[in-house]
Amino acid sequence: MATIHVDGKQYEVDGADNLLQACLSLGLDVPYFCWHPALGSVGACRQCAVKQYSDENDTRGRLVMSCMTPATDNSWISIDDEEAKAFRASVIEWLMINHPHDCPVCEEGGHCHLQDMTVMTGHNQRRYRFSKRTHVNQELGPFIAHEMNRCIACYRCVRYYKDYAGGTDLGVFGANDQVYFGRVEDGTLESEFSGNLTEVCPTGVFTDKTHSERYNRKWDMQFAPSICHGCASGCNTSPGERYGEIRRIENRFNGSVNHYFLCDRGRFGYGYVNREDRPRQPIVQRSKLTMGIDAALDQAAGLLNRRRIIGIGSPRASLESNFALRELVGAEDFFSGIAREELDNIQLVRQILQDGPLPVASIRDMEAHDAVFVLGEDLTQTAARIALALRQAARGKATELAKAAGIQDWHQAAVQNIAQGAQNPVFIASLDSTRLDDIAAESVHAAPDDLARLGCAVAHAIDPSAPAVAGLESEAAELAERIAQALLAAKRPLLVSGASLGSRAIIEAAANIAQALKNRQKNASISLVVPEANSMGMAMLLAGESADKSVEAALAALSAGQYDALVVLENDLYRRADKASVDAALAAVGVIIAADHQQTPTTDRAHLLLPASSFAEGDGTLVSQEGRAQRFFQVFDPSYYKPEVLIREGWRWMHALRSTLLGQPVDWTTLDQVTAACAQVHPRLAPITEAAPDAGFRIRGLKLARSPHRYSGRTAMRANLSVHEPRQPQDPDSAFAFSMEGYAGSREQRQQVPFAWSPGWNSPQAWNKFQDEVGGHLRSGDPGVRLFDGARMDLHWTAPPAAFAPAQGTWQVVALHHLFGSEENSSRAAPIQERMPQPYIALAEAEAARLGVNEGALLGFTLGTEVLQLPLRISADLPLGVAGLPAGLPSIPPLTSNAVVTELREAAQ
Amino acid sequence: MIKSIIHVVHGTYTQLRSLVMIFGHAFRKRDTLQYPEEPVYLPPRYRGRIVLTRDPDGEERCVACNLCAAACPVGCISLQKAETEDGRWYPEFFRINFSRCIFCGLCEEACPTTAIQLTPDFELAEYKRQDLVFEKEDLMIAGTGKNPDYNFYRVSGLSIAGKPKGAAQNEAEPVNIKGLLP
């Protein structure tokens, strides 16, 4: 700690910070541009000047850049000094010299850091009368719009894109007054994290192109604290709504998970919420007859009455919805809706994380590890935010070296200089080359079984009591030894693996490594990635069950005629099991009732389709891969603009159906009731009620506002329907109000923040005001509750599998994941579809040469019972004997790890 | 006695004077305006019915920046941004609920393109309140209104078809970033 004196007042601050961080952490406003909590200081913009005095008797002082000056003990500074104020006003006047006359037609306006800082500094009149420098813009793909004239040359974009996110295709060109931030030529930004540029850039150079077409100002949107449904990482988001459409996803700061950054799937994959073809009223599929809620419930109850009902839940639905379905059909007849192999793997992952030997790393915590082993997971495509965290783990070496040389971690240029590219060791063992290989000390590509063997060999090398791998080639054994040495040499090694390849052996190998690290008393952590947003929640809901709850078991029971009615919740069975068995099962059952927020092949087969809510119209709880239960809240009420819309949360439908069927009154009228009931299922789920404040939470008697107080058009936005304004929708489920009425500031303690705003701070930089110290954690604790922090137990060793040896003329099918396309919901969003690859079959170079086919050649093959034709993609790094198929893309059947491709040959054109 | 006589005389005088004054008005010029037969004079800056104007080239001036809506103290303006093929921003819909409008003129003050203007017209009475909801077609006029010469896109740095980067007022030619000169 250090004592600093600011304008005559004495404060206690962290002496390791710089003055800017210290002042912002104290809540004092110092304008700044180039500094960013996650990017450190470079002192480029000169905006944060303050006056520093040598001691209390010094009256002259000197101007210093607060971001480049350490907050040493007994510092005397002044922010309000006249000379410092005049200097800052001049700096912003210079920065604004070439800034275009653009704010009315700029997508940044209203949440612009440059606007905020200009107002804060007091510059309000342009004196410069001469011509302005201009630049030509670039086309940067479907996500990001580029308007280079607005640039103030703070260098944040390249520091983020190149240094932080490891991108290679955005740079700075030109010199002096003419610097240009862009690509060498027009083209889509390659990084999977390019969307963060829109928040990192303090001006409107990089803006959200998916929002631009239906743009509106930040102050005009309704937000809610939400959780990304794109993968299992559990990133916190702030979706914004206007006129009944989701318009934009912004990052929501959670100091333990995603802090300032999201991936592009999470940020730009929201379009499925706004699709025209969504079911919005209960509909009888055969006659296309829509009906009201009561009629639908009566109809459904009539269909279900006296029938043996089976319920199939979903890993993309909330815990509450799945639980309500389980209540409707009974625990015995409730099935997970996950394929057997995947469900078994998720349950294994749950056991390892819940009771296994190593603590589970949160995504933020991963950045603090100094050696990483990634086993069998293509993280950039399956859990992208984790990949970004691992980049920071690798960069941690630079901070460590700088610390040894007495340089503070925020001194970014110096830190980078001293590191000279040195990185913490990251080892990647994956199927194919990954987009993270560039930070890998070593990367190796092999078939799933061979990856598991490598993992077991690493475990054996760490702790000789782990089972040895028989017949391992010497190259792999040496690599295993090097990985083991690196992990043992590290202070905090991290192990990352997961279920995306569908290989149980890989997860077991990861468990072996975890146990070995534990046996060697390492302060290690583990992270295992599961496939979908609530895969882990589903696993916990089924934790006590011994029966087979897979989708295969459900389909077999249906085909065998054990049930007469099926209720399927937010799940497309055709993505879970092969078409023939789903068709057979659905044909065998008399009544199908589906609840979903999208039209899927499964809902097309339903007799009655109930419109369920997506993340935007409903509340619920998800459990992330880290075992963090987090609540997402309803963003808007769609029936406010379209009274005919009858979308309800899945749990509301399921519970209302149960009540109608039993002739009982509806017991659960609010979210808190269903969450509390769900928490009773399993002792491990008990803390989920603590994941967020309940609906009774108030600040000074106020609900929390979903909209900024400047929200406009309240008396006109709905006037085309009726000039008589209805009452604002009421929200019984949460502490948030559907309007700007309520508490919206940063001073009071609150964990759930729908949008970042504080007086004078309209941009995402307003998160400063909610944090315990800038860039740290939220003052009232990071949202969510961790479920896996209980007692740790030792695991049994698992023997390694046999080496991979495909039979002659067969290729093992392996799933290749794509950030854009493999996830069901986001792949319905138009901007994501522009980035989706075409379906393909990937083969190793040598295999293609042996078959005598070139890149793009159309190959015919048999997969199980299906005959497919797909163009060839040749991969330099794919191992021999496997055929890669892009998981989840259209025309690709559900993939299992034991599937094989046969009769592979060039198709006749 | 004298006092009461004076009171009576004075009272009679004032009564008569009032009578003369009142009947005298019959011969004066009338103050009452025979509205609606006679039009009302309104000063040019009178704040009445709101219009959306066009720029000197006849294009819509409104760029859908939302500032008028934000400034509106009763929240009676709502609009949605859209973009034309040539890159101009325009409101897809622009709605003013005149049953809520208080004619304060803050929207006009906030407008950076002088698109929204208040006019000297107050004749807005309707039998149905719903008819006081004006859409863009009801608000758009053919001319420029006040500020006849102002065209936002000639000043703005945003490029639109026919006005590339560097062609706005006080703008230099775009930088050649691949040039070698400093």
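User: Is Arg700(A) buried or exposed?

Analyst: The model is predicted. In it, Arg700(A) is exposed, because 6 other C-beta atoms lie within 10 Å, and a residue counts as exposed with 12 or fewer. Arg700(A) sits in the loop between helix 23 and strand 29 (704-705) of chain A.

User: Which peptide bond is cis, and where is Pro36(B) placed?

Analyst: The bond from Tyr35(B) to Pro36(B) is cis, its omega being near 5 degrees. Pro36(B) lies in the loop between helix 1 (2-24) and strand 1 (50-52) of chain B.

User: In what order do the seven strands of the open sheet in chain A stand?

Analyst: Strands of a sheet pair through backbone hydrogen bonds, either parallel or antiparallel. Here the order is 16-15-26-25-24-17-18, and the pairing is mixed. Strand 16 (289-290) and strand 18 (334-335) of chain A are at the edges with a single partner strand each, so one side of each has no neighbour in the sheet. Helix 19 (residues 551-559) of chain A packs on the sheet, where it touches strand 17 (309-312), strand 18 and strand 24 (565-569) of chain A. The direction of helix 19 makes about 155 degrees with that of strand 17 of chain A.

User: How many bridges join strand 25 to strand 26 of chain A?

Analyst: Four bridges link strand 25 (residues 591-596) to strand 26 (residues 608-611) of chain A, and the two run parallel. Within this pairing, Asp596(A) has Pro611(A) of strand 26 as its bridge partner.

User: At what angle do helix 15 and helix 17 of chain A cross?

Analyst: Two packed helices are described by the angle between their axes and the distance between the axes. The axes of helix 15 (residues 448-462) and helix 17 (residues 504-519) of chain A cross at roughly 10 degrees and come within 8 Å. The two helices are therefore roughly parallel to each other. Their contact involves residues including Leu451(A) and Val458(A) of helix 15 and Ile513(A) and Leu517(A) of helix 17. By class, the contact has 14 nonpolar, two polar and two charged residues.

User: Which residues of helix 23 of chain A are buried?

Analyst: In helix 23 (residues 671-679), the buried residues are Leu671(A), Val674(A), Thr675(A), Cys678(A) and Ala679(A). Viewed down the axis, they fall within an arc of 140 degrees, so they line one face of the helix. These buried residues pack against helix 9 (319-329), strand 27 (620-623) and helix 22 (650-662) of chain A.

User: How many residues of chain B are in contact with chain A?

Analyst: The count is 40 residues of chain B, in contact with 36 residues of chain A. Helix 2 (67-71), strand 2 (77-83), strand 3 (89-97) and strand 6 (171-174) of chain B each provide at least two residues of the side that touches chain A. Strand 2 of chain B gives the most, with five residues. This side of chain B has 21 nonpolar, twelve polar and seven charged residues.

User: Which strand of chain B is joined by bridges to strand 6 of chain A?

Analyst: Strand 6 of chain B is joined to strand 6 (residues 132-134) of chain A by two bridges, and these strands run parallel. Lys132(A) has Glu171(B) as its bridge partner.

How values were computed:
Residues are numbered from 1 along each chain as its sequence is written. Chains are lettered from A and ligands numbered from 1 in the order in which they are written. This is a predicted model: local features need pLDDT of at least 70, side-chain atom pairs count only at pLDDT 80 or more; totals for chains, interfaces and linings use all residues. Two strands pair if DSSP finds at least two bridges between them. Two residues are in contact if their C-beta atoms, placed from the backbone, lie within 7 Å. Axes are lines fitted to C-alpha atoms, for helices over the stretch in contact, and angles run from 0 to 180 degrees between N-to-C directions. A residue is buried if 20 or more other C-beta atoms lie within 10 Å of its own, exposed if 12 or fewer, and partly exposed in between; C-beta atoms are placed from the backbone. The arc is that of the directions from the helix axis to the C-beta atoms. Angles under 35 degrees count as roughly parallel, over 145 as roughly antiparallel, 65 to 115 as roughly perpendicular and the rest as oblique. Ala, Val, Leu, Ile, Met, Phe, Trp, Tyr, Cys and Pro count as nonpolar, Asp, Glu, Lys and Arg as charged, and the others, Gly among them, as polar.
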